[in-house]
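Please look through the structure shown here, one site at a time. The text starts with a pocket and then turns to the ligand.

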Amino acid sequence: MKILIIGVNGFIGNALTEKILKNTNWEVYGMDLSDNRLEQSLKDSRFHFLEGDVAINKEWIEYHVKKCDVVLPLVAIATPISYVREPLRVFELDFEENLKIVRACVRYGKRVIFPSTSEVYGMCQDKEFSEDTSPLVYGPISMQRWIYACSKQLMDRVIWAYGVQKNLRFTLIRPFNWIGPKLDSLTTPKEGSSRVVTQFISNLVNGKPIQLVNGGHQKRAFTYLDDGIDCLMKIIKNENNVCDKQIFNIGNPHNECSVKELAKKLRDLYSKHPLKAQKKASPIQTVNEKSYYGQGYEDIAYRMPSIKKAKTLLGWTPKVDLDTSLQKTLDYFLKEFHSK
Ligand code: UGA
């Protein structure tokens, strides 16, 4: 099988590529702006990489959509501060550029696996969010944070419609706060430019205070990268075509924790770590959401996935608990920090 991954150097793309090359005989064709996370994969003759930009290298993309069996358009801006500061860039990349790739899949009759997001559920009031029944709830237009969820949701709807009207074979995946090695980068220390786990690790390493937005009562269910990738592999394999025209939450409901608990857990793990960079553990402070992110930010109080569909249709269950997930993520970043 030939797999095309646009955004192959990203958090999901590089881990998926490594797994494919290790566990299958498939070929991977990948494009991204850089290859700094692909060291392992670049050594493999079944990996074909182009350094390129999704908005420029259109012919390469078209040619490879035609050539490959499955397409994963993984290019996206996925850090909340960007939704508030650069909403148009989010729309242009996450929606407009990806739409072109999806349309190429329709033209050439190729299967597409599109990364939707846990954010599409927004401020949904369901206890747990279900792919086929939960409402998708956003705030007013002036709350620019929702442009990401809205762009992703619109793409979900367009893909769904292509499935109905043009018989596009698709699967929509919704990762719930995946964490692990190579999530963001500690060298982008700007507050809010990383997802929460990397942000907190960066604060610890640099001896800066950990900031809890609005006191950190909001909750997330964190999913370890390896679990997420295992699920994605099953979706790519698609035995008996069970994934066609389906949406899957990929999350770990057992790993729910408040942001405040997360800060404490990370600080404890860090203070016991042999590779810690600071003698004193960072203080934990509370900060207001508008001063941290800006006027257009609105938060999500909780985000709990129902994973019944992935369990029944794919036979998948996540295995890595929260403490282990945090430990492994911290180990990776501290090793990386010391090797530079
Ligand atoms: C994330 C991002 O939108 C995407 O990466 C993705 O689509 C999705 O959710 C996901 O990973 O499933 P969110 O969970 O709000 O959204 O993003 P984080 O930046 O990881 O923030 C989590 C929570 O921690 C938020 O409530 C935020 O306000 C809080 N936070 C973040 C802090 O309290 N302090 C910080 O320094 C950073």
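Helix H1 (11-23) and helix H8 (225-237) each give at least two residues to the lining of the second largest pocket. Helices are DSSP runs of H or I with at least four residues, strands are runs of E with at least two, and both are numbered from the N terminus. H1 gives the most to this lining, five residues. Among the lining residues are Asn14, Lys22, Pro181, Tyr224 and Ile229. By class, the lining has five nonpolar, one polar and five charged residues.

This is a predicted model, in which local features need pLDDT of at least 70, side-chain atom pairs count only at pLDDT 80 or more, and totals for chains, interfaces and linings use all residues. Residues are numbered from 1 along each chain as its sequence is written, and side-chain values use heavy atoms, with hydrogens and water left out.

Now the ligand. How many residues surround the ligand? There are 27, and the closest are Thr117, Ser118, Glu119, Asn177 and Tyr292; a residue counts if one of its heavy atoms lies within 4 Å of the molecule. A polar side-chain atom of Ser118 lies 2.7 Å from an oxygen atom of the ligand. Polar backbone atoms also lie by ligand oxygen atoms: that of Pro175 at 3.3 Å, and that of Val213 at 2.8 Å. Two or more residues of the shell around the ligand come from each of helix H4 (80-85), helix H7 (196-205), strand E8 (210-213) and helix H10 (289-293). In this shell, 14 residues are nonpolar, seven are polar and six are charged.

Conventions. On a 1 Å grid over the protein atoms alone, a cavity is a set of points where a 1.4 Å probe fits but cannot get out, and a pocket is an open set with protein on both sides within 12 Å along at least five of seven lines; lining residues have an atom within 4 Å of a point. Ala, Val, Leu, Ile, Met, Phe, Trp, Tyr, Cys and Pro count as nonpolar, Asp, Glu, Lys and Arg as charged, and the others, Gly among them, as polar. A polar contact is a pair of N or O atoms within 3.5 Å; within protein, one must be able to donate a hydrogen and the other to accept it, and residues adjacent in sequence count only if both atoms are side-chain atoms.
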